Amino acid sequence: MRIAVIGTGYVGLVSGACFSEFGVETICVDKDQGKIDRLLKGEIPIYEPGLDALVEKNAKAGRLSFTTDLPTAVRGADAVFIAVGTPSRRGDGHADLSYVYAAAAEIAAALDPDDYTVIVTKSTVPVGTGREVARIIRKTRPEADFDVASNPEFLREGSAIEDFMRPDRVVIGTDSDRARQVMRALYRPLFLIETPMVFTSLETSELIKYAANTFLAAKITFINEVADLCEKVGADVHDVAKGIGLDNRIGKKFLHPGPGYGGSCFPKDTLALVKTAQDYGSPLRIIETVVDINDRRKKAMADRVIAACGGSVAGKRIGVLGVTFKPNTDDMRDAPSLDIIPALAEAGAIVAAYDPAGRHEAEKMLPGVEWADDAYGALSGADCALVLTEWNEFRMLNLSRICKAMKAPVLVDLRNIFNPEDAEMAGFAYHCVGRPG
Ligand code: UGA
């Protein structure tokens, strides 16, 4: 089988590489010539563990290639995946679908009328987008033999390959039996490992993706608020999470408290679903509240640091560990650090930071930060150590050594990566989220 994947962002590149690993001949297309040139040389534009090896292996085997030539990639493909960006539209929070529709028009122009093609939306797209893609194609090429399908992607950054190769489920929305067969054939390796497949309509599939992401965002927000309550009543949020999560109806995952969710998906998808629901006169008030609480939470985190520093950070040096929205990525999109660090600088702090992968991206977004080459460098001489991302390498730091190298022994751990007793034994005044300190 042969597919084209339009867009070499996170979803496009990982899906393309993984389909080629399934044995599907895959051509990844992007308009950005520089990006394609880098990919052709084996350079991966994003930080994702294991992706470079997968790309190299399948490119060498001749199953995976990269091009800017969309028409050639589309002609003769059994399926064309649209995996372009759907950022928040400036001003109103709706998903911006201009890249999706532009891709649909280009695909339409390139379709071979003698070949049947399934056009698949893999990007996260609001309900109704698949129908609009079909309309655009039909209008441009009334004679084309095609169907549309929705096949949302549920992979997480940092564990993207494992998530694609061993997903909890695959969701496929289409009205067409023929399209369903093509999709079934493409996902054959996952059928073999008995991955549950949810076949449904276009609209339902599109909504499943938003419902999943917004549910998870609500789950995180719930535990964040419970963490705040734990602090007031002297309870431990980790035990609460364990105690409720062992109930299978609740589940253990996504109950880790922190500075608020960030990243390229939850903030934009919660906002987009809120807008869709309002447009249809069926508001999702619970998600409206989640968005509001999370925005406020990220902003309020700087106040926690200021309080831990005795009420003022003016002229004080804050050493930050981790700036990306989560570990194992260099992605800075909607990272809590983008709210917290500027607020600390505004309050007069001098901010030094270290991140194992995010510095390059972060330098552009966080001007004025002094960048260190390792954790010890960021914390030396600091009045406060602040953990914003739970990179594994931070868990093993020598707390006594850090404490001695700092000017004041204050540790604010917004990801709860340290054991309160260990931190206190090392000499720190330790502040974490939702646990007795
Ligand atoms: C998320 C979803 O988890 C994926 O299933 C989905 O495919 C993806 O969005 C997408 O729509 O493309 P991702 O944004 O890569 O994946 O990262 P997550 O691991 O979900 O983390 C999102 C945010 O929630 C991070 O800021 C993380 O720190 C925070 N989080 C997560 C918590 O604060 N607590 C938790 O228990 C889990």
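The shell around the ligand takes at least three residues from each of two domains, domain 1 (2–200) and domain 2 (210–291), the bounds coming from an automatic or database domain assignment. This is a predicted model, in which local features need pLDDT of at least 70 and side-chain atom pairs count only at pLDDT 80 or more, while totals for chains, interfaces and linings use all residues. Residues are numbered from 1 along each chain as its sequence is written.

Around the ligand there are 20 residues, of which Glu157, His256, Tyr261, Gly263 and Cys265 come nearest; a residue counts as near if its C-beta atom, placed from the backbone, lies within 6 Å of the molecule. By class, the shell holds 10 nonpolar, 6 polar and 4 charged residues, where Ala, Val, Leu, Ile, Met, Phe, Trp, Tyr, Cys and Pro count as nonpolar, Asp, Glu, Lys and Arg as charged, and the others, Gly among them, as polar. Helix α10 (residues 202–233) supplies the largest share of the shell, 3 residues, helices being DSSP runs (H or I, at least four residues) numbered from the N terminus.

The chain also has a domain 3 (296–431), and the centres of domain 2 and domain 3, taken over C-alpha atoms, are separated by 24 Å. Where these two domains meet, 9 residues of domain 2 are in contact with 15 residues of domain 3, contact meaning that the C-beta atoms of two residues, placed from the backbone, lie within 7 Å. The side of domain 2 that touches domain 3 consists, by class, of 3 nonpolar, 6 polar and no charged residues.

How values were computed
Helix = DSSP H or I, 4+ residues; strand = E, 2+ residues; numbered from the N terminus.
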